[in-house]
Amino acid sequence: MNVVSETVRGQKGRVIIVVGGFWGDEGKGKIVSYIASKYRIDAVARAGTGPNAGHTVVHDGVTYKLRLMPSGFFSENTRIFIGPGVLINESIFLQEVDTCKVENRVFVDRHTGVITEEHIELEKASQHLMGKIGSTGSGCGTANVDRIKRKLKLAKDYNKLKPFITDVSEELNDILDNNGTVLVEGSQATFLSLYHGTYPFVTSKDVTASAALSDVGIGPTRATEVIVVFKAFVTRVGEGHLDGELDADEVIRRNWQEYGTVTGRLRRAAPFDFKLARKAVRINGATNIALTKMDILFPELKGATTTDALTKASLEFIEKIEEKTGVRVTYISTGPEAKALIIRE
Ligand code: GTP
Ligand code: IMP
Ligand code: MG
């Protein structure tokens, strides 16, 4: 499998990027936690907008609902970094450091932007953001406005963050120069990108694979593998068009209902969109696809771990994705737990 493949283009080290293919909540947390438990990852670096994300990691029977901490946090040998392109909320960060017990190995870039209560209040009072766009109310958009105005305070300006401050780009490039492996974890997803998404119903920055690298300060020539995660059906929270959207009764009848990790909203749902998947694969330069919630689309796959378990219908679905996108579906997730996964070499 490519995760352990040889170094490309003579570069030292290995960089694996994981990003969402549709509108977020594809189950990136699940895929990242598998990769982090299976391979020796020296560093996991969080990219993406900030605490507007909510991802779910199930590890050793414990379910973690995280907003800032990368999903690959649990290995004692892995150092955790939050890049300068990401926004943090000081109290959410400190709380998650505590919950995940990672105080000795988590670092924040000195230039990571910090969201204040004022940003949250401003966002919650904005009819445009909350009403029209369906923002999460986490203050990310309003903080990024201040960042663009060059007014936003950065992590280095906060006393409680002092013990965690570092230069993330230096650290990650040093790890790579020593032949280490860095996992870059995106949040949100391709069609929530400010540039490539369904504007204006998008988040407040670019969140594609290229942006994820920039968020943490790694150059594009160092990327070895880009895993784009798709769910077996499409979901979307907030506003904006969704091709093939089903009404709420039909979503429940199909057992596709999900509720937002951050907002608790019922996620809107539609069948898998092959055309969008192809576009996502191209924008991100995907090398592999991970497909989640296959147990929901094909209940007979629940908990399966081997390719023998793939039924004719599920295999046809997988092969159609490969045919339409030109990229191999390497990971097939069959349940929320890390071990419920089929690997196709
Ligand atoms: P974002 O960073 O917001 O995109 O989060 P995420 O992609 O990690 O997804 P999120 O946790 O918001 O939602 C995914 C949900 O699906 C979680 O409750 C996961 O535990 C669950 N999940 C992930 N993979 C599978 C799967 O293959 N089958 C089932 N049944 N559930 C899954
Ligand atoms: P904002 O980034 O909070 O301003 O939200 C803008 C849009 O992106 C809204 O439609 C949100 O629902 C959506 N969004 C932001 N972050 C996520 C995420 O992590 N998962 C799914 N949707 C998200
Ligand atoms: Mg989510």
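Reply: Let's start at D25, which sits in the loop between β1 and α1. (Helices here are DSSP runs of H or I with at least four residues, strands are runs of E with at least two, and both are numbered from the N terminus.) D25 isn't a glycine, yet its phi is positive, about 60 degrees. That's worth a glance, since most residues other than glycine have a negative phi.

A word on the ground rules: this is a predicted model, where local features need pLDDT of at least 70, side-chain atom pairs count only at pLDDT 80 or more, and totals for chains, interfaces and linings use all residues. Residues are numbered from 1 along each chain as its sequence is written, chains are lettered from A and ligands numbered from 1 in the order in which they are written, and side-chain values use heavy atoms, with hydrogens and water left out.

To be in the shell, a residue needs a heavy atom within 4 Å of the ligand.

A backbone N or O of G29 is 2.9 Å from an oxygen of ligand 1, and for a backbone N or O of G54 the distance to a ligand 1 oxygen is 2.8 Å. A polar backbone atom of K293 lies 2.8 Å from an oxygen of ligand 1 as well. On its own the ligand exposes 660 Å², and the protein buries 90% of that; areas come from the Shrake-Rupley method with a 1.4 Å probe, and for residues only the protein chains shown count as cover.

Now follow β3. It pairs antiparallel with β4 (62-66) over five bridges, where pairing means that DSSP finds at least two bridges between the strands. H55 stands opposite L66 of β4. The two strands make a hairpin with two residues between them, and D60 in the turn has a positive phi of about 50 degrees.

Next, the open sheet. It has 10 strands in the order β9-β7-β5-β2-β10-β1-β11-β14-β15-β16, with mixed pairing. The edges are β9 (165-166) and β16 (341-343), each pairing on one side only. β11 (225-231) and β14 (288-292) run parallel over five bridges, with I227 bridged to N288 in β14. Helix α9 (274-284) packs on the sheet, touching β1, β11 and β14, and its direction makes about 160 degrees with that of β11. Contact means heavy atoms within 4.5 Å, and angles run from 0 to 180 degrees between N-to-C directions of lines fitted to C-alpha atoms, for helices over the stretch in contact. Helix α7 (209-216) lies across β1 (14-20), β2 (43-46), β10 (181-185) and β11, at about 125 degrees to β1.

The loop between β10 and α7 holds P200. A cis peptide bond, with omega about 10 degrees, joins Y199 to P200.

And ligand 2? It has 15 residues around it, the closest being N52, S135, T136, T203 and R265. Side chains make contacts here: a polar side-chain atom of T136 lies 2.6 Å from a ligand 2 oxygen, and an N or O in the T203 side chain is 2.7 Å from an oxygen of ligand 2. A polar backbone atom of V237 is 3.4 Å from an oxygen of that ligand. Taken alone, ligand 2 exposes 480 Å², of which the protein buries 96%. Its shell divides into six nonpolar, seven polar and two charged residues.

Notes. A polar contact is a pair of N or O atoms within 3.5 Å; within protein, one must be able to donate a hydrogen and the other to accept it, and residues adjacent in sequence count only if both atoms are side-chain atoms. Ala, Val, Leu, Ile, Met, Phe, Trp, Tyr, Cys and Pro count as nonpolar, Asp, Glu, Lys and Arg as charged, and the others, Gly among them, as polar.
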